Amino acid sequence: MLKVFRLGAMPLAITALLVAKSAAAAKDLPRVPPQEQPILRTIQAEVSAEQVKRTVTELVGFGTRHTLSETQSETRGIGAARRWIKSEFEQISAQCGGCLQVIEQKQTFSGEKRIPEPTEVVNIVAIQRGSLDPNRYVIMTGDIDSRVTDPLDATSDSPGANDNASGIAGVLEAARVLSRHKFAGSIVYAALSGEEQGLFGGKIMAGIAKKEAWRVEAVINNDMIGNISGINGVTNNTSARVFSEGTRFVETTEEARRRRFTGGEVDSPSRNIARYIDKLADDYIPNLDVMMVYRLDRFGRGGHHRPFNEVGFPGVRIMETNEDYDRQHQDLRTENGRQFGDVLSGVDFAYNAKLTSLNAVTLAAMAWAPPPPAETTISGAVKASTTLSWQRPQGKMAENLAGYRLYWRLTTEPTWTRSLYVGDVTEFELKNIVIDNYFFGVSSVSKEGFESPVVFPGPAGSFGGYQ
């Protein structure tokens, strides 16, 4: 049964029936796939606050994880930390029969403002290959490195408990939980280095992904996902922020000209990933509300999703809602009774686990869904109806594809509010729905009911092609 929404005086269910009668390609529409996915609730529940606490505690125990710190010691410095992270990935892989490919990504930098002398920056990455579409990647990242007040101080204690042992704990725990399952697309769990020195780990990984022609569907960067008490005096463990760029950084002059007349300023693929995360939080993460922030990152600041955006990959940042600046980039000290430093007591492990579960559910839903529609276009100027068309994938990557769902919303609405499942077609006409009044999009739907993010038509919203 089609759910009834109203557009003016005409119920959408009636509109849908008229469309079905008039569009030969859409006759005998299949049953609308179920929206509820019990397996996502199972994944959410399997994320362990105790496991997260264990990881954060272990990483804090290395004393400092500064990018320029000790690499030979087995107990102190970033070298010891990244070897421990690698061993954790390897143990997880052993438990799933070798389902993870654990690799190092390395590059030496020098002559940089925060890396003056030659320094090897090393990422630790685990890849869980998809069974149907292995070259499509959804990526979860966290940052290994920490720092104190002086960005070049590589010897002082720098616990980095929340910034960003909490993110690495999330990456490892997501890998532990999701490695028990098999997915259509590939999932990457990435512990990146060099973030505090200039986002170098992200630049390394984005460059490799570009060179090797990965089809990156989403990068979900986790940077500070464990603090619940802010410098503003607010303590809140029921919300999180998702930052996303509004227009694609790689947009060309011609694409910008086109966007001026067709819209898309708030419908980049990154922005529609944020909406996707927001919807999953509402449906599957108990007592969590996502605040979508329409900005690349915090005001004037940066994170490790940015290098991916800058080479054309969709990416967002998940983080706590209320930051405590006394616990960020600070020497460990007490001044006039006020404590400074990013120490273990500043992490709420239940909250850390909650945001980790949001990541795990998002990665799973995307990786189980078919690839987002490609070559999505729209037409309908000076007409009473709107027509959307898209390209269908071929071969194995389409084996789990059931069909497509059309979405639309008022131009002032932040999230998708109206939808219609149209089956396995590549074009559909929405009769008596005027193109001028709404924003539109298309998602792909698997046979099990998992959906891709919504794709806004044209280059402004494109997730790329199938090659």
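Let us start at the surface: Asn336 is exposed, with a relative accessible area of 86%. Here exposed means over 50% relative accessible area, buried means under 20%, and partly exposed lies in between, using a 1.4 Å probe and protein chains only. The model is a predicted one, in which local features need pLDDT of at least 70 and side-chain atom pairs count only at pLDDT 80 or more, while totals for chains, interfaces and linings use all residues. Residues are numbered from 1 along each chain as its sequence is written, and side-chain values use heavy atoms, with hydrogens and water left out.

Asn336 sits in the loop between β11 (333–335) and β12 (338–340). Helices (H or I, at least four residues) and strands (E, at least two) are DSSP runs, numbered from the N terminus. The phi of Asn336 is positive, near 50°, in a residue other than glycine. Val382 also has a positive phi, about 50°, although it is not a glycine. You will find Val382 in the loop between β13 and β14 (386–391), and at 85% relative accessibility it counts as exposed.

Now for some helices. The expected span is 1.5 Å times one less than the number of residues. Which residues of α3 are buried? They are Val52, Thr55, Val56, Leu59 and Val60. Seen down the axis of α3, these buried residues fall within an arc of 130°, so they line one face of the helix. The arc is that of the directions from the helix axis to the C-beta atoms. The buried residues of α3 pack against α4 (78–95), α5 (161–178) and α10 (349–368), where contact means heavy atoms within 4.5 Å. At the N-terminal end, Ser48 caps α3, with a side-chain oxygen 3.2 Å from the backbone nitrogen of Glu50. Such a polar contact is a pair of N or O atoms within 3.5 Å; within protein, one must be able to donate a hydrogen and the other to accept it, and residues adjacent in sequence count only if both atoms are side-chain atoms.

Helix α4 has 18 residues and reaches 26 Å from its first C-alpha to its last, close to the 26 Å expected. Its buried residues include Arg82, Trp84, Glu88 and Phe89. Among the elements that cover the buried residues of α4 are α3, α5 and strand β3 (100–109). After α4 comes Gly97, whose phi is positive, near 70°. In α10, 19 of the 20 residues are buried, and the helix reaches 28 Å from its first C-alpha to its last, close to the 28 Å expected. Asp348 caps the N-terminal end of α10, placing a side-chain oxygen 3.4 Å from the backbone nitrogen of Ala350. Helix α5 holds Asn164, and the peptide bond from Asp163 to Asn164 is cis, with omega near 10°.

Next, look at Arg409 in strand β15 (residues 401–410). Is Arg409 buried or exposed? At 0% relative accessibility, it counts as buried. The side chain of Arg409 reaches the backbone oxygen of Glu413 at 2.8 Å. Leaving out residues up to four places away in sequence, Arg409 touches residues including Asp267, Arg275, Trp416 and Tyr438.

Finally, the empty spaces. Rolling a probe the size of a water molecule over the atoms shows where empty space is left. On a 1 Å grid over the protein atoms alone, a cavity is a set of points where a 1.4 Å probe fits but cannot get out, and a pocket is an open set with protein on both sides within 12 Å along at least five of seven lines; lining residues have an atom within 4 Å of a point. Grid points are joined across faces, edges and corners, and a volume is the space filled by probe spheres set on the points. The whole structure has 4 cavities of 30 Å³ or more, and the largest cavity has a volume of about 90 Å³. Strand β7 (residues 215–222) gives the most to the lining of this largest cavity, with 3 residues. The second largest pocket holds about 400 Å³ of space and is lined by 23 residues, of which Phe261, Thr262, Gly263, Ile378 and Ile435 lie nearest its centre. Helix α7 gives the most to that pocket's lining, with 5 residues.
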